[in-house]
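Good morning, and thank you for coming. I would like to walk you through one structure today, beginning with a pair of charged residues.

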Amino acid sequence: MLRFVVRRLVLLIPILLGLSLLIFVWVRALPGTPADALLGERATPQAVAEFRVRYGLDRPIYVQYWAYLKTTLSGELGTSVASHRPVTTEIRDRFPATVELAFAAMIFALAFGLPLGFVAAKRYRSAVDHGSLFLSLIGISIPVFFLAIMLKYLFGVRLAWLPTVGRQDVLVDAEHPTGFYVLDGIVTRNWNAAWDATQHLILPAIALGSIPLAIISRVTRASVLDVQNEDYVRTAHAKGVPPQQVDRRHVFRNALLPVTTIIGLSFGILLSGAVLTETVFAIPGLGSWLKEAIFNHDYPVLQSGIMFLALVFVIVNLIVDVTYGFIDPRVRVS
Amino acid sequence: MRKGTKIGLVLMALSLTAATAAFPASSRTQAKNTFIVGAEGDPILLDGSHVADGTSLRVITQIFEGLVRNKPGALAIKPALATRWKASKNGLAWTFTLRQGVKFTDGTPFNSAAVCANFTRWWYRRADLQGDDISYYWNTVFGGYARPAPGSNGPDKALYRGCKTAGPNAVRILLTRRSSSFLGALALANFAIASPTALKKYKADEGTVGADGGFRPTGTFATQNPIGTGPYKLQSWRIGDKLVLVRNEGYWGPKAKTKTVIVRPISDTNARVQALQTGEVDFANNLTPQDAAVVKANSSLKVQYRPAFNVGYVGINQKLGPLSKPKVRQAIAYGLDRKSVVGAFYGGQGQLADQFLPELVEGFAKKGVPQYTYNPGKAKQLLQEAGEKLPVELEFWYPTDRPRGYMPDPPRNFQAFAASLEKSGFKITPRPGQWRGGYVSGLQSGKAALYLFGWTGDFGDPANFLNVHFGVQTDLFGFNDPKLFNLLTRADQETDNAKRVKLYQQASIYVMQTLPMVPYVHTTVAVGLRKNVKGYVMSPVELEKFDSVVVG
């Protein structure tokens, strides 16, 4: 097991190196330059030249890449051109918001996706099954930002049930020792703040979780259908085990295995979806930060921010793979 | 299991509904005495001498005050920390009499020593803080440093010469040459007076400048302890979340009417408007015309407009083609259907411009401005009088991206203008370019004959519009007109404001006679407010003071 983990970790190095090169080139291939973006009407040729010298953009691109690599490896991620704050500080402050949101979206997706898929499989080809297919198709095909705006309009503006922006009502006084607002409320025993933060999570979590929900429900359905026809299920039924017990013990558990992998992959969807969801709901996470950075041609933020997200994605998948190994010993052997 | 699943589903659906329905309407029933501002983002730093962005400056304006201020809703200069001021005969020394009995919010007194300490701080600025992205306004207004970094101007080129105390309640600001435009700039939050004790105690100028140019203070002055004399003081600031200001109970003037102001960053325009609709904010800055329509349609909301403080124009480079001929330029002015463009593409937020200065800027000429109403026949006639063979071929540059306030949809402006020019004896070659991909530097290096461009003012003085563009020869316009250059220099130097305004009016008219460009629009900025917010007075330079706001 340890060898498996170490091998995967070593493999990370070339992946990240290749990724850093890719991001570096991509960021510079964005149309326009940071000087034009920031200087506006005052972008005289002289001002642009000065700007390029100051930010080292006048040097050959391989020199820039090498400098970037060196500073990144030393843990220095640079300073945001737009906010003038160190990138490391921004990541530290913003990461909890994104994780909290992704977590909430995943809970939503699992809470609804698993039962939906299960019921659809048990009622194979019934109206429920077709209905779940229809819902999944909608979940996959509706753009996240569109769903987000619709949810906000319905539940925030029209019905006035839920808040539409931010992570906490500005009139709620709360301390934030961890940066995870719901957890902060619980840790500090400020139940009002925890409840308020939870409410702020509901709509973004639904919007962001819609795609994983659709995928999870489809995979669960397919998996349950598969497992139902396995010999051990038939044997259990033949033994006279009550059907609910067969479902619980033999079908559902085994059907969950492929779903675990989907959770890891869905995390990527959640991270990319966070860019739009966080922007629409004004959540100060990594997603809205990167969107602003693209707009401002904020090279340090884009480079380090995307690298960071990529790293998180790879690590989450590693954890999922390891967990998978625990759940299903066959994977370890192979 | 099947039954169990069903029950589970129903339970989950129920709990979600219950959770949403049980939500207390706390964010919609506003706590009294609190004004919640929906801003485009977080401030960068709360120190006017280190920033140039509107989001920071709007907060700084609540905490700090300068020697002078703009009259609310206008640009006229009024007393603030100085009660009166007078220029010496030669215009090189300005004496400001200071308001007495004023205290900074850390309890230290405001006096002449404090004022000079601030000017000295700006003048002796560290070399690595002198770049435009940190010190834009000082560079623009006072133009140099005691110890210049490579690329910065030194004392020989700077306008500023020194600050001398004249007793505890008066200071003399010394200049190297006659110029009156700096007075208008002193109303900016960038030149607000901070507590010298706090500057030192909280290490305002200590910190590092990264390889990428951003200043990171190690002290807490600009993040936790900004100490000024303003009607509000900072209570707390959590980036991405909220910034809380509370009333300065020791304020020298009328106390702020609302006790607490909360600024929350919402960068997405749409999200800002929805937050206004739900009551999560009382004020949403910077609405698009579409959003303004949504806000207007809502009976509990209202729209207010910031007076125009910009200009969109069709630039003309006199170095290129036949454009040095006055009649050709007049033909262009007659050939541009400006009224239709302003009427069609500005969602009701554009005003047809008949001169370069927006109406609120002193020097705006109320009469005597030559008018160029769209007239293709007259344009053709002028071209023939100029000895040109029709059609006259011209390249017309326009940006395809990055709409500006004065130009929300550049390609459409271009198409309309090109069509009207083609009817007026011109043949237009389109030259699209990307604003962020070198469009501006292309114009600035004199490559474009005709082009769409514009300007948003830095501060409320005509010099910042007219002198900046037409005060010296530039590659952008390519003309050399000593008469105009002299007129503008004289206007800038005049210390008697009434005479100065007259000179600028003359200049504004003269520009429209000689047509280095054809202005077509001044645009207003829409902001959204809840109907129960009263006393929000719009500022052309976007720096509204919140102390007059009442949330009913």
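Arg85(A) and Glu90(A) form a salt bridge, their closest N and O atoms lying 3.7 Å apart; the term requires a side-chain nitrogen of Lys or Arg within 4 Å of a carboxyl oxygen of Asp or Glu.

Before I continue, a word on conventions. This is a predicted model, in which local features need pLDDT of at least 70 and side-chain atom pairs count only at pLDDT 80 or more, while totals for chains, interfaces and linings use all residues. Residues are numbered from 1 along each chain as its sequence is written, chains are lettered from A and ligands numbered from 1 in the order in which they are written, and side-chain values use heavy atoms, with hydrogens and water left out.

How many salt bridges are there over all chains? The count comes to 22. One of them, in chain B, joins Glu544(B) to Arg306(B), with 2.6 Å between the closest N and O atoms. Glu544(B) sits in the loop between strands S22 (533-534) and S23 (550-551) of chain B and Arg306(B) in strand S14 (residues 301-306) of chain B, so this pair ties together parts that are 238 residues apart in sequence. Helices (H or I, at least four residues) and strands (E, at least two) are DSSP runs, numbered from the N terminus. Both Glu544(B) and Arg306(B) are buried.

Another salt bridge in chain B links Arg412(B) with Asp409(B), at 3.0 Å from N to O. Arg412(B) counts as partly exposed because its relative accessibility is 41%, and Asp409(B) is partly exposed as well, with a relative accessible area of 25%. Through shared partners, salt bridges also join Arg58(B), Arg306(B), Glu542(B) and Glu544(B) into one network.

I turn now to chain A as a whole. Chain A has 14 helices and zero strands, and buried residues make up 51% of its 334 residues. Its C-alpha atoms fill a box of roughly 85 × 55 × 40 Å along the principal axes. In helix H12 (residues 286-296) of chain A, the buried residues include Trp289(A), Leu290(A) and Ala293(A). Just after H12(A), His297(A) takes a positive phi of about 55°.

Next, the nonpolar cores, each a set of buried Ala, Val, Leu, Ile, Met, Phe, Trp, Tyr and Cys residues joined through side-chain atoms within 4.5 Å. The largest has 157 residues, and Phe96(B) and Phe119(B) have the most contacts inside it. Helix H16 (residues 497-514) of chain B supplies the largest share of this core, seven residues. Apart from it lies another core, of 57 residues, with Leu16(A) and Phe108(A) among them.

Finally, the domains of chain B, whose bounds come from an automatic or database domain assignment. Chain B is divided into domain 1 (1-44 + 230-307 + 525-552), domain 2 (65-228) and domain 3 (310-523). The centres of domain 1 and domain 3 of chain B, taken over C-alpha atoms, are 39 Å apart. How many salt bridges cross the interface of these two domains of chain B? The rule finds zero between domain 1 and domain 3 of chain B. Thank you for your attention.

Terms used: Buried < 20%, exposed > 50% of the residue type's maximum accessible area, 1.4 Å probe, protein only.
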